[in-house]
Amino acid sequence: MEFDTPKIIKDLEFKIETSYSLPIFRGYKAVDKRGVEQIIDTIYATLPEDVKKAREYLQTVNYEIKNTEQRSKVYDFLNKFELFIERAVPFANFVIINIKETENLIKEITNNLPEELTKVNVIKKQ
């Protein structure tokens, strides 16, 4: 069973990794603001459907989800990422972002994906 949300997060990482490095400003990149915002919007749109599919699968294998608090955490980190991009220094269609902060926020988003998504992958590998 495949889910779109982790792939979209990887797309976000790739978009940032392949953005323009700024030699003058070490540790910063210029990213296409609208492109990043579109990827974040796609995560918001895709995540609920992925969680629903994962829950349905877990019910078929009689696995009970105990922790639903993580779902709100991932949205909190997505919101933080949006605010981070919104507050970044604008330059034409780009924003200049700190790479370390960006990597940390993306890691938090990935680490706080709902339990349903991570559990399905663990069960399927067994």
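Analyst: Happy to. This is a predicted model, and its chain has five helices and four strands.

User: What pattern does the chain follow along the sequence?

Analyst: Reading along the sequence, you get α-β-β-α-α-β-β-α-α. The C-alpha atoms fill a box of roughly 55 × 25 × 20 Å along the principal axes.

User: And how many of the 126 residues count as buried?

Analyst: Of the 126 residues, 38% count as buried.

User: Which residues touch the most other members in the largest nonpolar core?

Analyst: That core has 32 residues, and the ones touching the most other members are Leu12, Ile16, Val36, Phe81, Ile85, Ile97 and Ile109. At least two core residues come from each of helix 1 (4-17), helix 2 (33-60), helix 3 (69-87), strand 4 (94-98), helix 4 (99-111) and helix 5 (115-125).

User: Which helix gives the most?

Analyst: Helix 2 does, with nine residues.

User: Let's zoom in on Ile16. What is Ile16 in contact with, leaving aside neighbours within four places in sequence?

Analyst: Ile16 contacts Lys29, Val31, Phe81, Ile97, Ile99, Thr102 and Ile106.

User: Now the helices. At what angle do the axes of helix 1 and helix 2 cross?

Analyst: They cross at roughly 165 degrees, and the axes come within 8 Å. An angle over 145 degrees counts as roughly antiparallel, so helix 1 is roughly antiparallel to helix 2.

User: Is that crossing left-handed or right-handed?

Analyst: The crossing of helix 1 and helix 2 is left-handed. On the helix 1 side, the contact is made by Asp4, Thr5, Pro6, Ile8, Ile9, Asp11, Leu12 and Lys15. Helix 2 brings Gly35, Val36, Ile39, Thr42, Ile43, Thr46, Leu47 and Asp50.

User: Switching topic: where is Arg26?

Analyst: Arg26 sits in the loop between strand 1 (20-21) and strand 2 (28-32). With 77% relative accessibility, Arg26 counts as exposed.

User: How many residues apart are Arg26 and Ile99 in sequence?

Analyst: They are 73 residues apart in sequence, and 9.3 Å apart in space from C-alpha to C-alpha.

Terms used: Residues are numbered from 1 along each chain as its sequence is written. This is a predicted model: local features need pLDDT of at least 70, side-chain atom pairs count only at pLDDT 80 or more; totals for chains, interfaces and linings use all residues. Side-chain values use heavy atoms; hydrogens and water are left out. A nonpolar core is a set of buried Ala, Val, Leu, Ile, Met, Phe, Trp, Tyr and Cys residues joined through side-chain atoms within 4.5 Å. Buried means under 20% relative accessible area, exposed over 50%, partly exposed in between (1.4 Å probe, protein chains only). Contact means heavy atoms within 4.5 Å. Axes are lines fitted to C-alpha atoms, for helices over the stretch in contact, and angles run from 0 to 180 degrees between N-to-C directions. Angles under 35 degrees count as roughly parallel, over 145 as roughly antiparallel, 65 to 115 as roughly perpendicular and the rest as oblique. A crossing is left-handed if the near helix is turned anticlockwise from the far one by less than a right angle, and right-handed if clockwise.
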